[in-house]
Amino acid sequence: MKILLIDDEEKLVVHLQKGLRQAGYAVDTALSAATGLEMAAVGDYELILLDLMLPGTTGFDVLRTLRAFGLNAPVMILSALNQSKHVVEGLDLGAVDYLRKPFELEELLARIRTVQRNQAGSKLAVWRVGDLVMDLATRNVSRAGQTIALTPREYQLLEQLMRQSGRVLSKAQLTEKVWETDFDRGSNVVEVHIHQLRKKIDRGFGVPLLETVVGVGYRLKGALEIN
Amino acid sequence: MAGIWPVRSIRFKIGLVFAGTFFLGFSLAAAYVYVQVKDVLIRQENRILTERAIRLSERTSLYPLVIPLPEQGEVIALWYTAGRFRKKIYQSPNFPDYYPIRSDSVVTQSDTFQLVRYERTPENGYGRLTTVLGHSNRPLVRQLQSIGWLLTGILLLSVLFSGLGAWVFSGLLLRPLKAIIDSARSVNLAEEVTPIPTPDSDDELQELARTINDMLARIRSAADTQHNFFAAASHELRTPLSILRTEIEVAQREVTNERERRFLTSQLTELRRLSRLVDDLLAMSQLHAGTLQLRMESIELDDLTLRLAERYHGSINQKQLFLAIALDDDAASLTVWADLDKLTNVLLNLLDNAVKYARAGSRLELRIMAGNGSITWRLVNQTDIPVPDPGRLTGSFYQADSRHDGYGLGLWISHQVVRLMGGEFTVSAVSGSFQAEISFPAHITE
């Protein structure tokens, strides 16, 4: 994925570029609005990361100019201006997302992945276990035709359980895939997540799919079908 | 602020002064009138009596002795004097004994009788015939008494009416002042500064209203300046903070050395705290200026809590705590209506405090419950550190106390922000444990 980063803070640009490159993205940078617009016009970028406070102009104007030129690359605003009115204005102008500085790199990467998935469209598969359906492209999960809203963590958990459906996954195995290695200590966060997930996918539906195997771990009943 | 005690109000004082002045003036005038009237009445009475005495005296004859009869209610005494010789000719049975026969005055008053004396030379041209005629002065006394009562009554009534009139009239005059007081009282936040109504009266009240409006405008502009400063400063602070954070996060992904990684993690934790402090400062200035904007949306409190709790995994493990989360299973939804960013900051603040002040190795209880139309988020931690007086949080403005730096500001902001979002925030501390509780009205989606 090719990303253009427009920001006048040179140090931030350097480190962000490095971080994004580590995550496997091709990143070009522009330190001014004019350079940024020029690069955007010829560069064919799939995502533009845009700062709001630029020398001599604002990110909002850059966004307007981009749209006026017919450049429809998704734009994500990164800004230290974090009052509600700025967020609203940015989103109204057609930005796909607004991230407040200082942000966590992990959060930025997650949001970039969301943009990426939306662009990837139906290239990704649809998984099915019984009447439980997970669309990897749109991240939609539904059961018996009913859409289920999952948090990112619950989605990740379900993804792991579906990938290994029919087999028992220990708590340690699950946490290692979804969180860090030692996440099963210090809190009952993992249990609560499993509990929440079970509530969402099993409550109100006929056959419970998510099983607890006492002393061993968790299992999703059924076999995985991939379309 | 309470109103003014009625007895101390300007209206009351004006009424009192009016009534007092009126009383003084009127009572002097009334006393003068009374004395004059009394004088006139007595003189008239005496004149009538004297005329009667003359007539009776003229009808009196010594040879042959003719004594005229007085009318009912009159008393008469007649005597004849010639040189040293004096003879009482007649005296009515109830003629007062105390009458001084040798008196020179023509008119004598007693408690019961008004007496006049008339002397003339009898027909024989020798000696003097003295006639003393009297009648009861009770009617006169009664008349004077009723005039006195009338005057006193009028005096009291007019004092009362002048006082009341002054009170009512000054109330009318001061009505703009009351309006000024009422609108000045409603000015609580710089945000809500609205000019107070200026009476169109070209007097001191108009001047007062104008002066107050000028002052309000200055307050407003000072608050604006302060708020703009905080907004600009927090923006300026965020830029280097975001550079630092990105730099550390990128570096963290590169290093493999455990010691360096721990160092960077610790730096990142402090950086997060610093970022939140910057947010807190801005939030505080916005709260003071009343310019805090909320972007309300429906939020799944359970999902948000779980997401935020994960951030404390590192610090929880470091202090060997255990975070026990309990979510209400029976609730249809744990959705609340709030501003996501502000609520996130509040919850992070509370989690931060709980982890920071928890006794090492203890248990943190985080519970989200639904019931009675509200959703309650409660976090309890065990602590050895004395907790500041929870009552301070509910004060209108937080009084900075450097000894309790960690707790105070964050909790005060949380309290204010939660209140603005329509929720309730309470903290309580009992022997060794600290509890923070947020309660929102349950939000029905769809």
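Author: Let's start with the chains themselves. In chain B, take the contacts (heavy atoms within 4.5 Å) between residues at least 6 apart in sequence: 63% of them join residues at least 24 apart. For chain A, the figure on that count is 57%. Before going on, some bookkeeping: this is a predicted model, where local features need pLDDT of at least 70 and side-chain atom pairs count only at pLDDT 80 or more, while totals for chains, interfaces and linings use all residues. Residues are numbered from 1 along each chain as its sequence is written, chains are lettered from A and ligands numbered from 1 in the order in which they are written, and side-chain values use heavy atoms, with hydrogens and water left out.

Chain B has 446 residues, 43% of them buried, where buried means under 20% relative accessible area with a 1.4 Å probe, protein chains only. Its secondary structure comes to 8 helices and 12 strands, read as DSSP runs (H or I, at least four residues, for helices; E, at least two, for strands) and numbered from the N terminus. Chain A, with 227 residues, has 50% of them buried, and it carries 8 helices and 15 strands.

Now the meeting place. Chain A puts 43 residues into the contact and chain B 42. Together they bury about 3,900 Å², with 51% of that on carbon and sulfur atoms; buried area here is the accessible area (1.4 Å probe) that two parts lose on being put together, summed over both.

The rule picks out 8 salt bridges across the interface of chain A and chain B, each being a side-chain nitrogen of Lys or Arg within 4 Å of a carboxyl oxygen of Asp or Glu. One of them pairs B:Arg311 with A:Glu104, with 3.8 Å between the closest N and O atoms.

On the side of chain A that touches chain B, the elements giving two or more residues are helix 1 (10–22), helix 4 (84–92), helix 5 (105–120), helix 6 (152–163) and helix 8 (189–202). The residues on that side split into 15 nonpolar, 13 polar and 15 charged, taking Ala, Val, Leu, Ile, Met, Phe, Trp, Tyr, Cys and Pro as nonpolar, Asp, Glu, Lys and Arg as charged, and the others, Gly among them, as polar.
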